[in-house]
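Colleague: I would like to learn how to read a model like this one. Please take me through it feature by feature.

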Amino acid sequence: MAGRILIVEDEAAIARFVELELRHEGYETDKAVDGRSGLELALAGDYALILLDIMLPELSGLEVLRRLRREKDTPVILLTARDTVMDKVSGLDMGADDYITKPFAIEELLARIRTALRKHPVKSTATQLTLGPISMDTARRQVHCAGKSVELTTREFDVLRLFLENPEIVLSRETFLSKVWGYDYVGETNVVDVYIRYLRSKLDEACGKSLIHTVRGVGYVLRED
Ligand code: CA
């Protein structure tokens with residue numbers, strides 16, 4: 001099992017060529033021809049590696065990378081036609097693992113893929129978090145409750161994830177702000193209440209009961225009563 005690689009490349013000939021070579025090497029592949037669908041696949045899928053063109057329609061490769069890195073550390077090799085120092089530097093700054101300039105020899109690309117995969121061994125499959133009827137697949141970013149699929153936004157998902165990682169523990173608004181929003185927030189913390197209200201209404205509907213409880217003056221707890 002060599003793993004699944006996502007190819008995000010709008011030039012059909014290059015994408016096809018790379019796809020055939022990768023399959024020949026035993027990798028499974030998916031393709032996207034613009035930045036937006038590439039980002040969607042990258043966020044939803046469980047890829048061992050992503051080959052990401054920089055010049056893409058809809059969203060640039062660098063923008064795809066920037067948004068991907070907020071959520072995932074899937075290794076990324078940038079494909080660039082522009083041999084400019086700026087693109088490489090900003091790409092690496094944004095968390096790309098490597099880059100290769102087009103046109104490239106396929107052997108060189110394969111060698112760089114092997115190197116990137118060696119640095120990022122595929123993690124264990126312990127990606128399931130559960131509490132009572134709720135189950136979360138953190139790799140696929142899917143949530144089910146009582147067998148029903150629950151569609152969550154990115155923030156709602158991250159809030160629920162923090163709950164599931166701390167079952168039956170009362171979490172303060174400040175904890176959500178620093179762990180989910182990623183900053184030390186001074187002042188109003190209503191944003192947490194708003195997101196928890198959204199999340200709670202979606203979960204209540206799917207689960208058929210309430211699992212998120214308000215602890216007045218302290219915060220919130222996820223608990224099955
Ligand atoms: Ca392109």
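Colleague: Into which domains is the protein divided?

Modeller: Domain bounds here come from an automatic or database domain assignment. The protein has domain 1 (4–119) and domain 2 (128–222), with their C-alpha centres 32 Å apart. This is a predicted model, where local features need pLDDT of at least 70, side-chain atom pairs count only at pLDDT 80 or more, and totals for chains, interfaces and linings use all residues. Residues are numbered from 1 along each chain as its sequence is written, and side-chain values use heavy atoms, with hydrogens and water left out.

Colleague: How many residues does the contact take from domain 1 and from domain 2?

Modeller: Contact means heavy atoms within 4.5 Å. Six residues come from domain 1 and four residues from domain 2. Buried area is the accessible area (1.4 Å probe) that two parts lose on being put together, summed over both. Domain 1 and domain 2 bury about 410 Å² between them, with 41% of it on carbon and sulfur atoms. Of the area that domain 1 buries against domain 2, 76% is supplied by Ala44, Asp46 and Glu71, more than any other three residues.

Colleague: Which residue forms a salt bridge with Glu71?

Modeller: Side chains of opposite charge can pair when their charged atoms come close. The rule for a salt bridge is a side-chain nitrogen of Lys or Arg within 4 Å of a carboxyl oxygen of Asp or Glu. Glu71 pairs with Arg141, their closest N and O atoms being 3.2 Å apart. Between domain 1 and domain 2 the count is one salt bridge.

Colleague: How many salt bridges does this rule give?

Modeller: The count comes to 21 salt bridges. One of them joins Glu9 and Lys102, with the closest N and O atoms 2.9 Å apart. This pair links distant parts of the chain, 93 residues apart: Glu9 is in the loop between S1 and H1, and Lys102 in the loop between S5 and H5. Helices (H or I, at least four residues) and strands (E, at least two) are DSSP runs, numbered from the N terminus.

Colleague: What joins Lys102 and Pro103?

Modeller: A cis peptide bond, with omega about -5°. Pro103 is in the loop between strand S5 (98–101) and helix H5 (106–119).

Colleague: Which protein donors does the calcium ion have?

Modeller: Donors are N, O and S atoms within 2.8 Å of the metal (3.2 Å for Na, K and Ca); water is not among the atoms, so sites may look incomplete. Here Asp10 (OD), Asp53 (OD) and Met55 (O) lie 2.1 to 2.3 Å from the calcium ion. Asp10 lies in the loop between strand S1 (4–8) and helix H1 (12–24) and Met55 in the loop between strand S3 (49–53) and helix H3 (61–69), so the pair ties together parts 45 residues apart in sequence.
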